[in-house]
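Q: Can you walk me through this structure? I'd like to take it one topic at a time.

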Amino acid sequence: MDMKEIDSVPWTKHRNKPCCVIHHTTGQQHQCIQTLIVAPKKTTAQQQHSSNELVASHSPTSHKTHSSTIPMLLVAFLLVVSLISPAFSDSGHSLPANQTFHPASQLNKLKRITDYLTKINKPAVKTIQSPDGDVIDCVLSHLQPAFDHPELKGQKPLDPPERPKGLNTTDTVAKSFQLWAESGESCPESTVPIRRTTEKDVLGASSIDRYGRKPVRHVRRDSSGTGHEHAVLFVNGDQYFGAKAGINVWAPQVTDRYEFSLSQIWVISGSFGHDLNTIEAGWQVSPDLYGDNNPRFFTYWTTDAYQATGCYNLLCSGFVQTNNRVAIGAAISPKSYYNGRQFDIGLMVWKDPKHGHWWLEFGSGLLVGYWPAFLFSHLRTHASMVQFGGEIVNSRSSGYHTSTQMGSGHFAEEGFGKASYFRNLQVVDWDNNLLPLTNLHLLADHPNCYDIKQGRNNAWGTYFYYGGPGRNVKCP
């Protein structure tokens, strides 16, 4: 899988100032001298068409800040997400003091869990133990959960589609990007690696009935209520057929079990009511879903504003995986460190011009799989908005703003090696061309807690730094 790495952080000519800081008032730019050390690793013939990358990236050398008014369309989208994706569901784990323990109800609960696990965990031809405790099952590709769907029964995964024009595939191949593969074990051809869901996973979740989905509960969208907070860049006003970006990988601290921190691409269509369609991919830290604080590669989809359709990863019938080297939901390795080496993952989502399915690519040429077109209503034709950035849940479980971090846990102004970034942002047009962004907007709905700063240069194209620590003196 593809990975380029730099063993040292780029030096700045101005040693008393951080490299590549965005200056709002003066417009001054500090030039950065980069040293790129690439350690390519030879691959087998099978790897040539399924490469992936984790990049230790250059710092960009010029910056242009950007701000704009926020169209009501995005505000509506974020409101929908916040209303339907809370930190908590109504079914918790601890019993109130005046509530009696009922063995019969507990047995029924365990039976429902067992039935769900039997349905979602498919027979494996090989099992791999990951160093982080995950169990990876190698499942015959035609037996994966997607093929339980009535529209897919009896079918097999499709062949790879035509990739967008203008795609750069010159990156070299290096080592694995997921913990489970570091042992050297791999899944055989004609199988897909699936992270095994355990009873502990489901019992530890905020809701058993909606495990693997975003819970439904009304929350308030202000600084005093429970809700989701964002630092994002988005484009709208056109028809979109895909999106691409390099996403810096960190392990932000999540301070409450039922909160999360994620960085992702959203492909969006619909009226932002009950018919909202989204396709989502990126990395997330979610103790509720995975039981730990590792950054994990994830996918999500919905066709009805997260109500009854869709799920994370392969936890329901929908996404069809075609690759035997990537386990969706598995931990990403390596990750970035403050003032240390930086790594990012390349992600691209695009609509196959021939069959209309939405495909997901990881890195340089590694096709993960696709969302069949029939899953969607509005996204059957195109997307009306593309969004890039970070999101956290602020549950205020201690009575004040959460300390859950977004990105690296540091504000955008700290720049390369300290703040998290997205780089080389592009969209796909109707003719399957990768294009630079136009009509872009920034939104940080709680800028004293998490913020965002955008720029552009030749090496990184359109990029931005984003994130923050959450609770601080200006974010009580």
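A: Let's begin with a disulfide. The link of C311 and C316 is left-handed, with -80° about the S-S bond. The sulfur atoms of C311 and C316 are 2.1 Å apart. Bear in mind that this is a predicted model.

Q: Are C311 and C316 buried or exposed?

A: Both C311 and C316 are buried.

Q: How many disulfides does the count come to?

A: The count comes to three disulfides. One of them joins C138 and C187, with sulfur atoms 2.0 Å apart. The torsion about the S-S bond of C138 and C187 is about -80°, so that disulfide is left-handed.

Q: Where do C138 and C187 lie?

A: C138 is in strand β6 (residues 135–140), while C187 is in the loop between β6 and β7 (191–195), so the pair ties together parts that are 49 residues apart in sequence. C138 is buried, at a relative accessible area of 0%. C187 counts as buried too, at 3% relative accessibility.

Q: And C449 with C475, is that disulfide left-handed or right-handed?

A: The torsion about its S-S bond is about 95°, so the disulfide of C449 and C475 is right-handed. This pair links distant parts of the chain, 26 residues apart: C449 sits in the loop between β21 (440–444) and β22 (451–457), and C475 in the segment after β23 (461–467). Both cysteines, C449 and C475, are buried.

Q: New topic. How many helices and strands are there?

A: The protein has four helices and 23 strands.

Q: Which residues of α2 are buried?

A: K109, I113, L117 and I120 are buried in α2. Seen down the axis of α2, the buried residues fall within an arc of 70°, so they line one face of the helix. They pack against α3 (199–203). On the other side of α2, the exposed residues are P103, A104, L107, K111, T118 and K119.

Q: What span should α2 have?

A: At 1.5 Å a residue, the 18 residues of α2 (residues 103–120) should span 26 Å, and the end C-alpha atoms are 26 Å apart, which agrees.

Q: What about the rest of the protein, how much of it is buried?

A: Of the 476 residues, 58% count as buried. In soluble globular proteins, nonpolar side chains tend to be buried together. Here the largest nonpolar core has 84 residues, and W371 and F388 have the most contacts inside it. Apart from that core lies another, of 13 residues, including F147 and L367.

Q: What does W371 touch?

A: Leaving out residues up to four places away in sequence, W371 touches several residues, among them I279, Y300, W301, F319 and F376.

Conventions. Residues numbered from 1 in each chain as written. Predicted model: local features only at pLDDT ≥ 70, side-chain atom pairs only at ≥ 80, totals over all residues. Heavy atoms only, no water. Helix = DSSP H or I, 4+ residues; strand = E, 2+ residues; numbered from the N terminus. Expected span 1.5 Å × (residues − 1). Buried < 20%, exposed > 50% of the residue type's maximum accessible area, 1.4 Å probe, protein only. Arc of directions from axis to C-beta. Contact = heavy atoms within 4.5 Å. Core = buried A, V, L, I, M, F, W, Y, C linked by side-chain atoms within 4.5 Å. Disulfide = S-S within 2.5 Å.
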